[in-house]
Amino acid sequence: SVNADANDGEYLGFKLGSKLSAPDGAVGRDHISGALVYVVDHNLRHQHMGSLSVYVSPKSSLIGSVFGEWYFSSKQSAETFSNRYMETLENTYGDWKRKRNSLTNGDYQLWVDLEQKPPIVDHWPSDKKFRVAVALVFAPESAARSDWMARVMSEADTLQPHR
């Protein structure tokens, strides 16, 4: 368990909308959305996860998404973990609305995704073939999501050289 509550926008030790204090020398990788992605040091990860990524706005470093990932050798073990994690989330956040593999409440959405490693991938920090990703994001249709995305686009645009 982690001392964070998704009802407050917190997950895996990070709070959506708060400023990420990246460690000295840390460099975020560019995401197609314009956000920067920081992979969190393995010593700070919770629940024996294989990877923990935080997506932030490129200048102000405001957190917009938190992704925890676990890797598995077999599809069956990944499915078992995925189903149990979703069940735990449902039990913890019983008042959140479930739609397929996600739970939504107000500005926040938790989702669980199982994926097999594609033939071509930019970032897959494991030699195992299956990944279960669990994320807390601003809900797709929320004002908070629109505000964060507008910030990301504005900040990414100001970083680009204009011709």
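Student: S5 and S6 form a hairpin; which residue in the turn has a positive phi?
Tutor: This is a predicted model, in which local features need pLDDT of at least 70 and side-chain atom pairs count only at pLDDT 80 or more, while totals for chains, interfaces and linings use all residues. Residues are numbered from 1 along each chain as its sequence is written, and side-chain values use heavy atoms, with hydrogens and water left out. Helices (H or I, at least four residues) and strands (E, at least two) are DSSP runs, numbered from the N terminus. Six residues lie between S5 and S6, and the one in the turn with a positive phi, about 60°, is Ser-61.

Student: Which residue in S6 is the bridge partner of Leu-52?
Tutor: Two strands pair if DSSP finds at least two bridges between them. S5 (residues 51–56) runs antiparallel to S6, with six bridges joining them. Within S6, the partner of Leu-52 is Gly-68.

Student: Which are the edge strands of the open sheet?
Tutor: Eight strands form the open sheet, paired antiparallel in the order S3-S4-S5-S6-S10-S9-S8-S7. The strands that pair on one side only are S3 (29–30) and S7 (97–99).

Student: How many residues of S6 are buried?
Tutor: Buried means under 20% relative accessible area, exposed over 50%, and partly exposed in between (1.4 Å probe, protein chains only). S6 covers residues 63–72 and is mostly covered, the buried count being ten of ten.

Student: At what angle to S9 does helix H1 run?
Tutor: Axes are lines fitted to C-alpha atoms, for helices over the stretch in contact (heavy atoms within 4.5 Å), and angles run from 0 to 180 degrees between N-to-C directions. H1 (residues 75–92) lies across S6, S7, S8 (102–105), S9 (108–116) and S10. Its angle to S9 is about 170°.

Student: What is the centre-to-centre distance of the aromatic pair of Trp-70 and Tyr-85?
Tutor: Rings of Phe, Tyr and Trp (its six-membered ring) pair if their centres lie within 6.5 Å; planes under 30 degrees apart count as stacked, over 60 as edge-to-face and the rest as tilted. Trp-70 and Tyr-85 are tilted, with 50° between the planes and centres separated by 5.3 Å.

Student: Is Phe-81 buried or partly exposed?
Tutor: Phe-81 forms a tilted pair with Phe-72, at 5.2 Å and 40°. Phe-72 counts as buried because its relative accessibility is 14%. Phe-81 has a relative accessible area of 22%, so it is partly exposed.
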